[in-house]
Amino acid sequence: PPMVLTNGTLITSALAGALGVYIGVTQPAELSISFLAGDCAFLAAKEAGVVDRVKEWLGGRLGRGKSHGEYKFTRDPNATPDIIEAGNDDCPDCSIAGMLPTTTGLGVLIGAGLKVFMTSSDRWTAGLFMVALGVYHVGEFVATWLFHPSKASVDSFVVNHSKSYTMAMIAAAVEYSVEFAISREFKSGLSHVRLNSLQVSWPTAWFVIPLTGALLTVAGDSMRKAAMITAGRSFTHIISTEKTSEHRLVTHGVFSLCRHPSYFGWSLWSVGTQILLVNPVCAVGF
């Protein structure tokens with residue numbers, strides 16, 4: 001099947017992601033957090049249909065016509081201002097406008113995570129978690145685009161996975177913040193001492209916990225991506241209820257090790273991220 005995403009959309013989205021990483025690494029944390037909060041609010045409004053309703057209202061005000069169930073600005077000489085919306089009429093989630101908020105936001109998340117990991121010995125686990133979260137979602141899209149391109153769209157990032165997934169990640173952030181306020185040494189696995197003007201950090205007995213979590217996170221995400229690559233066109237993020245011509249029974253590679261390597265890898269990744277954060281409640285809950 002033909003790839004729905006255009007090369008221009010892919011290149012622009014990649015550049016936006018790279019710009020996001022640059023912003024996350026170079027700008028103050030407050031700016032990155034503000035950007036991420038605004039981006040998440042926009043994506044939530046889009047998922048709830050608020051953005052579509054606003055676009056429909058603007059369409060009536062500016063003189064737009066419907067096309068393929070979506071709205072596209074028209075060059076109406078009576079409409080002011082004259083606006084044209086660029087995108088893919090057949091797949092609005094494959095347009096530049098559909099991709100940029102997600103790719104830029106994930107870039108900022110990864111960049112900010114790298115900055116926290118490299119500059120804060122107390123919050124290094126939080127920084128690594130942010131990187132792992134961003135890399136996981138970007139990897140989901142890349143694997144889909146490379147091995148099942150006809151299904152690649154903004155939904156392939158699975159940022160809008162489910163309400164349960166969103167609430168779980170919020171719970172993880174809340175637990176980490178509360179426990180970090182109580183004991184930084186417990187959350188980081190590092191002890192600090194000041195020698196003259198130099199602060200020295202070294203691992204404590206707790207350090208083995210976040211280290212184990214980091215290894216499980218990498219192993220879980222690797223297992224999932226290996227499953228996606230091995231399955232190829234037989235893998236979709238939406239569970240299929242009917243067999244199609246693209247479906248093949250896959251028994252080699254990681255599928256020879258377990259029946260559902262993608263689910264196993266995702267579960268391992270999920271629990272691993274909470275062990276990395278030293279979140280005992282969420283580790284059990286996940």
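Which residues is Trp 269 in contact with, leaving aside its neighbours within four places in sequence? Hello everyone, let's start there. Trp 269 touches Ala 132, Leu 133, Tyr 136, Tyr 165, Met 169, Leu 216, Thr 217, Gly 220 and Asp 221, where contact means heavy atoms within 4.5 Å.

A quick word on the model. It is predicted, so local features need pLDDT of at least 70 and side-chain atom pairs count only at pLDDT 80 or more, while totals for chains, interfaces and linings use all residues. Residues are numbered from 1 along each chain as its sequence is written, and side-chain values use heavy atoms, with hydrogens and water left out.

Now the core. The largest nonpolar core holds 29 residues, and Leu 133, Phe 141 and Trp 269 have the most contacts inside it. By nonpolar core I mean buried Ala, Val, Leu, Ile, Met, Phe, Trp, Tyr and Cys residues joined through side-chain atoms within 4.5 Å; buried is under 20% relative accessible area, exposed over 50%, and partly exposed in between, with a 1.4 Å probe and protein chains only. At least two residues each come from α4 (96–119), α5, α6 and α9 (261–276), and α5 gives the most, with eight. The helices are DSSP runs (H or I, at least four residues), numbered from the N terminus.

On to the rings. The whole structure has seven aromatic pairs: rings of Phe, Tyr and Trp (its six-membered ring) with centres within 6.5 Å, called stacked under 30 degrees between planes, edge-to-face over 60 and tilted for the rest. Phe 141 and Phe 157 are stacked, because their centres are 4.5 Å apart and their planes at 5 degrees. Phe 141 sits in helix α5 and Phe 157 in the loop between α5 and α6 (163–182), so this pair ties together parts 16 residues apart in sequence. Both Phe 141 and Phe 157 are buried. Tyr 176 and Phe 180 also stack, since their centres lie 5.6 Å apart with planes at 25 degrees. These two, Tyr 176 and Phe 180, are four residues apart in helix α6, about one helical turn, and both are buried. Elsewhere, Phe 117, Trp 124 and Phe 207 make up one aromatic cluster.

Finally, let's visit a serine and a phenylalanine. Ser 32, in helix α2 (residues 29–47), counts as buried because its relative accessibility is 2%. Beyond its neighbours within four places in sequence, Ser 32 contacts Ile 23, Gly 24, Gln 27, Val 108 and Ala 112. Phe 147, in helix α5, counts as partly exposed because its relative accessibility is 33%. Thanks, all!
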